[in-house]
Amino acid sequence: MSATNAQQASPPATSSMPTDLSRVVIAPSRGWVSLGLKNLWDYRELLYFLVWRDVKVRYKQTALGAAWAIIQPFVTMIVFSLFFGRLVGVPSDGIPYPIFNYAGLLPWQYFATALSQSANSMVTSANLIRKVYFPRLLVPIASTAAGLVDFSIAFIVLLGMMVYYQVVPTLAVLLLPLFLLLAIVSVLGVGLWLSALNVQYRDIRHIVPFLVQFWMFATPVVYPSSLLGEPWRTLYGLNPMVGVVEGFRWALLGTNPPSAMIILSACVSVILFVSGLFYFRRMERSFADFV
Amino acid sequence: MSNIAISAAHLAKMYRIGQGRKTNYATLRDRLGTLLTSPLQKMSSLTRSSSNGSQREQPKGNVNVDYIWALNDVSFDINHGEIVGIIGRNGAGKSTLLKVLSRITEPTRGRAEIYGRVASLLEVGTGFHPELTGRENVFLNGAILGMRKTEIAGKFDEIVEFAEIEKFIDTPVKFYSSGMYVRLAFAVAAHLEPEILIVDEVLAVGDSRFQKKCLNKMQDVGREGRTVLFVSHSMQAITRMCERTILLDSGNVLDDGPSHRVISSYLGAGQGTTAERVWDDPTTAPSGEVARLRAVRVRSEDGHITEAIDIRKAVHIEMEYEVLKPGSLLLPHYSVRNEEGIKVFMSLDNDPQWRRRPRSPGYYISSVRIPGNFLSEGALFVEATAITMEPVVPQFLEREAVAFQVIDSLDGDTARGDWAGNMDGVVRPIFNWETKFQPRDH
């Protein structure tokens, strides 16, 4: 009855309505589900806004603002250079220790902050998740992407250091984006797993700081991977960040060229990433009930 | 093209108590613990979401204490252009239904098909970030609600005008008053142009003038041929807006039809929480051996039955009851709870005329006057109870007997004074302040 009323009342609006309405089926999903990449693409603008929000908010009401993105890695580099470079005398593949260290710290810090952010992202966005529908994958992806802004700022310092230490990059520098991509994939791989687990197991929030701390020492940030002999060196590549850090050093400073180690790292991070995507999608159905 | 906008068939949603959305998160230790105790049984539960893991349970009301079926078996079809109200008491499954239809949570069983772009508005200002300015939040919130950036930009001026906050659009929203915040948030939502709009009780906030404006805007939305699904406790708003109403009760559709009919049967059945409840039929009235409740009413100072009370004005709550047997000491009392379920106060009959005096059979009306400038703003639910003393025997207890809204205007003479921001607290009294001053010695 009311439907016919509505039609009579508004013929123009009805005709302006798309004739081919999108159709959504709501039903319980079972088992492993598709990644819903098309749906993700449809929501790309929201991804942009979530990243934009994170970036905008990050340094609001701080006196130093975005300078923090430089201060953190820079001061860390100075401390490491004093302790490991000077005092302990850790080798640095024949490169001045500060720049050797900074070239590793740069991707490492990106990994560490982006990982912590994305692991907690589902919980910090709980309010959104309980009240609005959107592909939940956007949440950890946005946190991962937002970290790239800090990375870019800190990168400028590296360029300055390269000028100071008169390091001329080789053609390998062209592959740098590839290693950055590997870093992003690694963050997402681990971040997807942790963020999905964090929804149900709040233990993750306490695990992540530890994990990041230990992980740094399992990654050649303060020391070169050349300290290890074969076959350990290749096995070392099971840590995806090994490939990223060594790749960065090679691309920027021309240290050890890529080896089986880096390939292994790349494989591990891709496996983590793909499995993380599917695990996340599988858990997604109950996020709103648990978060 | 079929004219159906939403078609729901046998929707059911189960929550696990204690693991539902409320509090208790499973910790790894719990899970590992169950792994150890029943390894084979639970092995797969680590990778399986819990709502999925127990689908074999049957939805038989709330028989199994571990599970709650927030929705039991809900089916309906809604055509394009219909404005449908959804009513039911607290816990009837209204919000769960909206969550399922907005794809926030998956149904445990059943199926729904939705034809058209959906925007759901389960909360005002979802995703608003306090540090961002009004302008920035309009874009962020718009994107969260599913608008395209160009669409938001195109409607931006209209949104700001609707919200009436032109001057503060570049101020971070954390400095906004709650009124401004709500207005801006609703303005964004009101300018959504989905084919289907799902709205949950968001009009219960803001001043009444703006509420009316929003209602009108929503009605316009309906006239433009859009479908609106609207949950509300306000029968007034439902009657005004919706031609059709669906009544939910414990997760089932109890009634579905023209609003006036559904609402009157709902109120007649003593189900709705409004400002007045009358039990005409003594057999269904809450009753004990000695006393029987007949009616509960909320009245303003001038005696009108009303759902909306100005925060500055007193409110009278009265219960009409029948004493069936002579000789008992009766103690009627009220408990008032707010929307969060927090008990604001309990008040016992202290009328000296009846205190410690046995009552004769007959009809009584006991009323209590709650002064103005005492309750905080928002919805309040009144529980009406009576017990007999010596020995203590409960006679009747009606949990959400009546309800009313306290409204705090921004006129400057309420406890708010000149502060238009957020004010928490279960009560909102005006106290006397005194500030002493001593000039600094030079």
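Predicted model: local features only at pLDDT ≥ 70, side-chain atom pairs only at ≥ 80, totals over all residues.
Among contacts in chain B between residues at least 6 apart in sequence, 71% join residues at least 24 apart. Chain B has ten helices and 18 strands, and 42% of its 442 residues count as buried.

Domain 1 takes in residues 4-9 together with 70-268, while domain 2 covers 276-407.

Helix H4 of chain B, residues 94-101, is mostly covered, with seven of its eight residues buried. Those buried residues are Lys94(B), Thr96(B), Leu97(B), Leu98(B), Lys99(B), Val100(B) and Leu101(B). After H4(B) comes Arg103(B), which has a positive phi near 65°.

Strand S8 (residues 244-249) and strand S9 (residues 252-258) of chain B pair in the antiparallel sense, and six bridges link them. For a landmark within this pair, look for Leu247(B), which stands opposite Asp255(B) in S9(B). Two residues lie between S8(B) and S9(B) in the hairpin, and Ser250(B) in the turn has a positive phi of about 40°.

Now move on to a sheet in chain B. Four strands make up an open sheet in the order S10-S11-S13-S16, and their pairing is antiparallel. Which strands stand at the edges? They are S10 (276-278) and S16 (362-370) of chain B; each has a single partner strand, so one side of each is left without a neighbour in the sheet. From one strand to the next, the twist averages 20°. At the S10(B) end, three bridges join this strand to S11 (residues 291-300) of chain B, and the two run antiparallel. One pairing to pick out there is Glu276(B), whose bridge partner in S11(B) is Arg297(B).

The loop between strand S15 (343-348) and S16 of chain B holds Arg356(B). This residue, Arg356(B), has a positive phi of about 55° although it is not a glycine. Is Arg356(B) buried or exposed? Arg356(B) counts as exposed because it has 9 C-beta neighbours inside 10 Å, and a residue with 12 or fewer falls in that class. The other loop runs between strand S17 (378-389) and strand S18 (393-407) of chain B, and Pro391(B) is found in it. Here the peptide bond from Glu390(B) to Pro391(B) is cis, with omega near -5°. For comparison, most peptide bonds are trans.

Chain A is built from other proportions of elements: it has 14 helices and one strand. Its C-alpha atoms fill a box of roughly 85 × 40 × 40 Å along the principal axes. Of the 291 residues in chain A, 45% count as buried. Among its contacts between residues at least 6 apart in sequence, 79% join residues at least 24 apart.

Phe49(A) lies in helix H4 (residues 44-58) of chain A. Why does Phe49(A) count as buried? Phe49(A) has 23 C-beta neighbours inside 10 Å, and 20 or more are needed for that class. Leaving aside residues up to four places away in sequence, Phe49(A) touches Phe139(B), Leu140(B) and Ala143(B).

Our last stop is Asp93(A), in the loop between helix H5 (68-88) and helix H6 (97-124) of chain A. The phi of Asp93(A) is near 50°, a positive value in a residue other than glycine. With 19 C-beta neighbours inside 10 Å, Asp93(A) counts as partly exposed.

Methods. Residues numbered from 1 in each chain as written. Chains lettered and ligands numbered in written order. Domains from an automatic or database assignment. Pairing = 2+ DSSP bridges. Axes fitted to C-alpha atoms, helices over the stretch in contact; angles between N-to-C directions. Contact = placed C-beta atoms within 7 Å.
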